[in-house]
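Let me put the structure up, and then I'll walk through what the geometry gives.

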Amino acid sequence: MGSESMASCKPGTGILNFLLISLLDSSLIVSCIASKFYQEFDITWGNGRGKILNDGDLLTLSLDKASGSGFQSKKEYLFGKIDMQLKLVPGNSAGTVTAYYLKSPGNSWDEIDFEFLGNLSGDPYTLHTNVYSQGKGDREQQFRLWFDPTAGFHTYSILWNPKLIIFSVDGKPIREFKNLESIGVPFPKKQQMRIYSSLWNADDWATRGGLVKTDWTRAPFTASYRNFNADACIWSSGRAACPSKNSWLWKQLDATSFQRLKWVQKNFMIYNYCTDTKRFPLGFPPECSVNL
């Protein structure tokens, strides 16, 4: 996948096109294959600390005491399945945060977050997830991982459609956030988003609430990315053009996937805002009655 070059996108027709016009204000159905990092992303900050290597098949971000680094997608998306393989900062990564997320512009933004909070050598990373809709977040769930995310590449995926958002790791769903507009909970479905990632210093809060600081003698810290794929509706000129084959557009968790989700949450979830009575002494947010 990572070694393929981008094919041309071809408009299509048919009943799926008709159905999507009402949902996405789109008259184009497109089909694209994965492309090189230099075709899909711009390194936006870091003064040379972000690099695209191996003929576009590998991207690295680094952090030292002077600065971190980051990149963003050239395209904007409205719904899709986004996959990225990451290998996180190895060794003593305490104080560092590797963020990988979707975000829309403006003051009333939507956002879908993966954040990886570093830790001391031998201690596990914390995988932090959050969903913002119309500028409101505070929907954190945190997990440990069932593998060492620094020893090799693993796939982190966001499936986003009009009905739900599913966070997955190596194909295993870890979190589902349903569209509950029917009970007054805003859902991200009207604002196009870019993909962003950054590696930065957050030792004031990231590791044990800020008690463990970044050890700059171990710098530079490096995170690596490969095998990006966006099977997604691309936003352009005020409308979204979607792939001709898009089973994700109406996907929901089947029984097997739901059991995998429950297994992950039972064994690896370490924080859920929907069970935090100290934070919500007067009652949990309304989505907590339905969302996992």
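**Walking through the model**

By buried I mean under 20% relative accessible area, with exposed being over 50% and partly exposed in between (1.4 Å probe, protein chains only).

Before I go on, the ground rules. This is a predicted model, so local features need pLDDT of at least 70 and side-chain atom pairs count only at pLDDT 80 or more, while totals for chains, interfaces and linings use all residues. Residues are numbered from 1 along each chain as its sequence is written, and side-chain values use heavy atoms, with hydrogens and water left out.

Back to Glu 140. Its side chain meets that of Arg 279 in a salt bridge, 2.7 Å from N to O. Glu 140 sits in the loop between β9 and β10 and Arg 279 in the segment after β17, so this pair ties together parts 139 residues apart in sequence. Arg 279 itself is partly exposed, at 30% relative accessible area. The cut-off here is a side-chain nitrogen of Lys or Arg within 4 Å of a carboxyl oxygen of Asp or Glu. With that rule, we get 11 salt bridges.

Another of those bridges joins Asp 55 and Lys 36, at 3.5 Å, N to O. Asp 55 is in the loop between β3 (51–53) and β4 (58–63), and Lys 36 is in the loop between β1 (29–30) and α2 (37–40), so the bridge ties together parts 19 residues apart in sequence.

Now the overall picture. The chain has three helices and 17 strands; these are DSSP runs numbered from the N terminus, helices being H or I with at least four residues and strands being E with at least two. Of the 292 residues, 52% are buried. The accessible surface is about 13300 Å², and 51% of that belongs to carbon and sulfur atoms; the areas are Shrake-Rupley with a 1.4 Å probe, and for residues only the protein chains shown count as cover. If you take contacts between residues at least 6 apart in sequence, 67% of them join residues at least 24 apart. Contact means heavy atoms within 4.5 Å.

On to the inside. The largest nonpolar core has 61 residues, and those with the most contacts inside it are Met 84, Phe 114, Tyr 156, Trp 160, Ile 165 and Tyr 225. Strand β15 (residues 221–236) gives the most to this core, seven residues. A nonpolar core here is a set of buried Ala, Val, Leu, Ile, Met, Phe, Trp, Tyr and Cys residues joined through side-chain atoms within 4.5 Å. What does Trp 160 touch, leaving out residues up to four places away in sequence? The list includes Tyr 77, Phe 79, Ile 165, Phe 187, Met 193 and Trp 248.

Disulfides next: we count two, taking a pair of cysteine sulfur atoms within 2.5 Å. Cys 233 and Cys 242 make one of them, with sulfurs 2.1 Å apart, and that link is right-handed at 105° about the S-S bond. A disulfide also joins Cys 274 to Cys 288, S to S 2.0 Å, and this link is left-handed at -75°. Cys 274 and Cys 288 are both buried.

Most residues other than glycine have a negative phi, and most peptide bonds are trans. The bond from Ala 219 to Pro 220 is cis, with omega near 0°, and Pro 220 is in the loop between β14 (194–201) and β15. Gln 134 has a positive phi of about 55° and lies in the loop between β9 (126–132) and β10 (141–143). Ser 237 also has a positive phi, near 55°, in the loop between β15 and β16 (239–243).

Last stop, Asp 215, in the loop between β14 and β15. Which side chains does it pair with? There's a salt bridge with Arg 218 at 3.4 Å, N to O, and a polar contact of 2.6 Å with the side chain of Thr 217. For polar contacts, the rule is N or O atoms within 3.5 Å; within protein, one must be able to donate a hydrogen and the other to accept it, and residues adjacent in sequence count only if both atoms are side-chain atoms. Asp 215 is partly exposed at 25% relative accessibility.
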